[in-house]
Amino acid sequence: MEEEEDTRDFNERCAQCSEVNWGLTDGGRYYCRSCHNVTERTREVVNTDFMTNSRVQTISKGSRKQEKTDGGCEWYVCEGFQLILKKQAEALEALGVCSQMKDEVLYSFWRCYLQKSKQAYCNRPAGETVKALSVRESSTDVDSEPERPSLLHLLSLSESEGDLLTDCSFASSMSKVSESTSIYSGSVDGSLYLMKNQKEKLRMTMPTTLSFCYMALLWLREPITLSELLRFVVEGHIPYLNVFQHFPEKMKLCGLDLKIFCVESWPVYEEVYNKMLELAVFLDLPRFPDITDSCFLHPDMLCIKYLMEANLPDELHNWTCRVVKKIGIGEVDFLTLVPGNKSTRKVKYDILAAAVIVVVLKLLFLLDDHYEWLLSDLAEERNKNNKEGGLYFEFKKWYEVVKHSLDVEQKKLDEERAKYLWRCEKPLFYSVKNKSRVLKRRQMVVNLQNQFGKLSGSVRRAEKPNPSSFQLRWSEENTDGSCFHGHSLKGILQEKCGLLTAMNPDYWLCTVKLCNEKLCGHLAHYREEDFPQSYHFVLRLFSFLLRIQPSYIHDEVCMIEHKLFNKKLYKKLKYNTVLRK
Amino acid sequence: MDSFLEEEEDEEAAVGRKRSPAAPAGSTLQPPLHLPFLPVLLHQPASSHENKVNFKKSKEACLSYIQDAMLQKQWKRAAEFLTFYVESLEKDYSREPISPSEMIWRIGTEILCHHSHSSMKEFNCFVEQMKTLGVKRYLKVCLEHVFHLLCNGQIDEAYQNLSLAESWRFGEQTALQDKEMKLIQAYRGLLDYYSWSKQKNVLLERGLDGFADLSVEQEMHSCFRKAAVNLKEIIKIPGVWDLFVKCYVDLLEFYGDHNEARQVLNEYAYNSKFPANPNAHVYLYQFLKRQGESKKSVISALKILHDIVPSHELMIDFNTMLQKSKKRKKRRLGLEVIFAALDYAGWKENVKAWSCLARQVKQIVISEKHLDWIKQEWNSRKDWWPAFHFSRYLAKRNWQENKNLSYEKALVAGILLGKDGKYFKYVSHQGCKAQVKRFRILKKFVNRRNPVYLRISGLSDSSVQP
């Protein structure tokens with residue numbers, strides 16, 4: 001009967017006979033009563049007694065509580081995140097970001113966050129749940145007297161619990177609470193952290209730490225884009241995965257702490273970006289410093305970088321600048337982030353610049369799997385006849401050279417992804433109960449790694465590569481002609497009334513109608529097979545450079561096109577409807 | 001509205017017809033952009049999906065790299081990727097059909113078997129770890145380990161491992177792995193049989209010298225007992241146990257327990273719970289033959305074999321046996337058997353088979369009785385045998401490679417396809433040219449018997465009957 005009680009909550013089907021008829025083994029594992037299959041799932045001990053009591057868990061002022069029996073100390077989730085942010089800021093500093101970022105900008109953002117989320121630096125720390133007391137630098141700030149919770153707040157508590165919320169009773173309830181929480185988490189508030197209804201607050205997560213970093217970088221207009229930041233994270237230059245191993249010995253992680261600090265996926269561009277926007281609003285930040293045309297993040301600047309990396313002729317920069325100017329995406333007001341201003345679309349600088357280049361390539365070469373090859377043949381012909389002077393840009397040659405490098409690098413990247421080691425030396429266990437099992441597994445993994453490492457022939461992964469903002473490198477010093485930076489576009493331009501225009505008279509739009517980004521999440525939709533291969537290749541190239549899905553670049557391309565062709569398109573659609581009538 | 005107007009102006013400047021080219025205000029050296037035309041048809045693309053790199057995806061990719069490497073026998077590369085895959089042991093995948101630990105066991109075994117730098121010591125070390133990793137397949141891992149040891153000639157180690165596995169107890173897990181336990185015991189029985197037969201040979205050799213060793217004999221008998229117990233157990237369970245059955249029967253026959261042996265073999269061949277197994281009938285046939293049993297029981301054993309595997313090599317013996325029979329029905333069956341055997345490509349150039357067929361067909365033609373048997377057999381084959389057996393190309397090749405074969409085949413072809421058949425025509429022509437006597441006789445025989453061909457092929461039926 002008691003067992004039935006215990007297995008009630010586990011109602012997945014058995015993997016072997018798909019019955020739902022579970023029993024518990026002595027070891028606390030579930031086994032199937034029908035086919036005797038034993039799962040590796042163990043019963044999670046949920047102490048319901050604690051749950052009712054949890055809301056009283058309020059922390060008083062004063063010094064850190066005495067050490068717990070296991071040699072750990074009391075610590076709070078926000079302290080963990082603070083440590084992580086510190087580590088990340090230090091890493092960024094080592095990468096050359098100015099020291100202001102850590103000591104002033106990120107610090108004050110974090111301080112502001114703690115204040116706004118009522119975790120610290122406020123007169124009345126959040127009554128309802130947790131008040132983190134000491135944030136290292138200034139534990140005195142928190143020492144202000146906790147007031148009685150507001151009437152509204154008291155309504156949510158049972159009367160008896162309400163009574164407990166007096167200063168003197170804190171100490172006694174405190175020790176009880178921390179004992180029972182130790183089942184759940186090493187941190188004091190880990191269990192509550194995930195339970196809290198955080199709608200009005202912004203809960204810290206691992207990706208959010210990167211949002212903080214990016215926000216600080218953006219504030220300082222540091223020459224680093226979000227895609228670059230995320231690439232440095234994946235390459236290990238900025239601590240992220242397993243960052244908890246840098247926690248001090250006394251900060252023990254277990255239980256729900258793992259859910260908070262242990263990540264098993266790489267940060268996703270969109271997620272970090274959107275969290276950054278949310279954060280900026282949450283912190284009530286004013287308009288960010290202007291992004292002018294002398295800033296690295298200005299599309300004209302970023303285009304230079306990406307043109308170089310994509311091995312495209314320098315001359316194209318002239319064209320990207322013209323597109324930027326024509327549709328006004330180089331304007332300070334367009335580029336500068338204004339938190340909370342819903343009327344403007346927020347700019348992803350890296351993607352925008354890449355998309356501008358794609359649009360320029362479309363303007364000049366059309367990228368319809370036909371015209372670009374035609375132009376390439378013409379250029380080849382001219383190069384043959386014209387021995388002196390600069391070479392004409394041949395699309396075909398460029399494609400071949402870049403495709404080869406891209407394929408090689410992509411393969412390397414894919415293999416690296418498959419070969420990534422996610423676990424660190426410091427083993428984590430959910431509870432003390434499965435500690436020995438976890439340690440045993442870890443030992444076996446190490447043994448097997450050694451055994452097969454010896455057989456693999458290649459030496460263990462070399463030192464991580466030095467951080468570089470360029471992933472593909474082309475140098476004009478190479479005599480093999482694989483660098484196209486100096487090639488001329490003359491062949492594909494023509495003079496018309498004293499103006500240089502593209503020979504190409506036509507254009508195709510990626511989409512006729514943009515989607516509503518707020519409703520559908522995308523401006524446009526990308527499916528590889530619907531588009532010319534040259535176009536896809538160009539998207540793939542930038543998708544590799546920025547480590548984002550091609551569809552994100554495609555979205556931005558569509559946006560630019562629509563700005564560019566707005567009037568023509570409008571006329572045309574109108575004309576079409578007139579025709580139909 | 002203002003911006004709209006501005007843009008209008010801008011575009012006009014770009015076209016550059018109304019104003020001087022140098023005029024566009026605001027821009028320094030750059031001319032404004034000239035926009036190309038839009039296409040007639042505009043199309044709408046569809047959606048994309050996200051691709052997040054996480055632990056699971058990364059390990060899945062790793063696994064597929066391992067599989068690719070293994071398929072291409074790149075064991076070093078496979079080992080390299082496996083080093084990164086083993087991490088997945090630390091994650092709970094209990095809901096997946098094949099757990100990472102099983103993957104690692106199977107892949108690791110395969111790599112260690114093939115890798116040029118791996119050693120038996122390394123293999124043993126790996127397997128010992130795998131045994132502790134999954135109680136649910138403990139015995140399976142043990143068994144595979146034993147196979148590997150046997151393949152490397154380490155019979156004593158294998159025996160030790162089997163004994164160890166046999167004594168393994170792990171609560172209900174032991175009961176769940178009942179089948180594997182039976183196999184473990186059976187293989188131990190097999191190894192007991194192996195040492196029994198070794199000692200038997202020793203004794204037989206010494207016996208010739210007139211010197212018998214009592215202790216060796218005793219040991220041999222104890223081996224027999226140990227082997228017999230376990231082998232007897234496994235062959236009770238429906239399954240394909242060729243190896244075990246053969247050894248067990250060998251033991252029984254050696255100790256003169258023929259009844260038990262016969263019973264075992266009958267059970268193995270005829271119990272419908274066992275899967276259909278040609279070898280079961282072969283063993284029974286061989287046993288019956290050794291025992292000098294009656295023709296009837298021997299034939300019935302082979303009849304079933306014929307039903308299961310018409311192309312079996314014993315079909316020649318079967319046909320010979322049936323041809324000699326006095327009963328018409330059996331001779332009829334014999335013809336069926338040999339025709340059926342020759343339906344298979346494996347028999348195409350077998351002189352023995354063709355001579356069996358030639359002999360029987362010739363007999364029938366000479367006696368002029370039962371021509372309808374041939375006709376019936378030929379009916380279903382006449383549209384494909386000529387191309388399959390009797391083409392001009394084959395005639396040429398058979399003649400060059402094997403005169404005996406071409407003689408037998410030509411005889412059959414002559415009767416079945418007449419004197420104008422390609423095969424017969426070529427072979428008899430060549431035979432006469434080479435002035436070989438039997439070919440000249442063959443030619444005469446076929447020429448004289450040509451009407452038979454007409455009757456067999458059904459050509460004469462309509463013209464003769466009325």
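Trainee: How many residues does the largest nonpolar core have, and which have the most contacts inside it?

Mentor: In soluble globular proteins, nonpolar side chains tend to be buried together. A nonpolar core here is a set of buried Ala, Val, Leu, Ile, Met, Phe, Trp, Tyr and Cys residues joined through side-chain atoms within 4.5 Å; buried means under 20% relative accessible area (1.4 Å probe, protein chains only). In this predicted model, the largest core has 152 residues, and A:Tyr113 and A:Phe212 have the most contacts inside it. Helix H16 (residues 349-365) of chain A gives the largest share, 15 residues. Helices are DSSP runs (H or I, at least four residues), numbered from the N terminus.

Trainee: What is A:Phe212 in contact with, leaving aside its neighbours within four places in sequence?

Mentor: Contact means heavy atoms within 4.5 Å. The partners of A:Phe212 include A:Leu85, A:Trp110, A:Tyr113 and A:Leu283. A second, separate core of 137 residues includes B:Ile104 and B:Met220.

Trainee: Which residues of H2(B) are buried?

Mentor: Among them are B:Phe55, B:Cys62, B:Ile66 and B:Met70.

Trainee: Which residue just after H2(B) takes a positive phi?

Mentor: That is B:Lys73, with a phi of about 60°.

Trainee: How should I read the numbering and the cut-offs?

Mentor: Residues are numbered from 1 along each chain as its sequence is written, and chains are lettered from A and ligands numbered from 1 in the order in which they are written. Local features need pLDDT of at least 70, side-chain atom pairs count only at pLDDT 80 or more, and totals for chains, interfaces and linings use all residues, while side-chain values use heavy atoms, with hydrogens and water left out.

Definitions and conventions: Buried means under 20% relative accessible area, exposed over 50%, partly exposed in between (1.4 Å probe, protein chains only). Helices (H or I, at least four residues) and strands (E, at least two) are DSSP runs, numbered from the N terminus.
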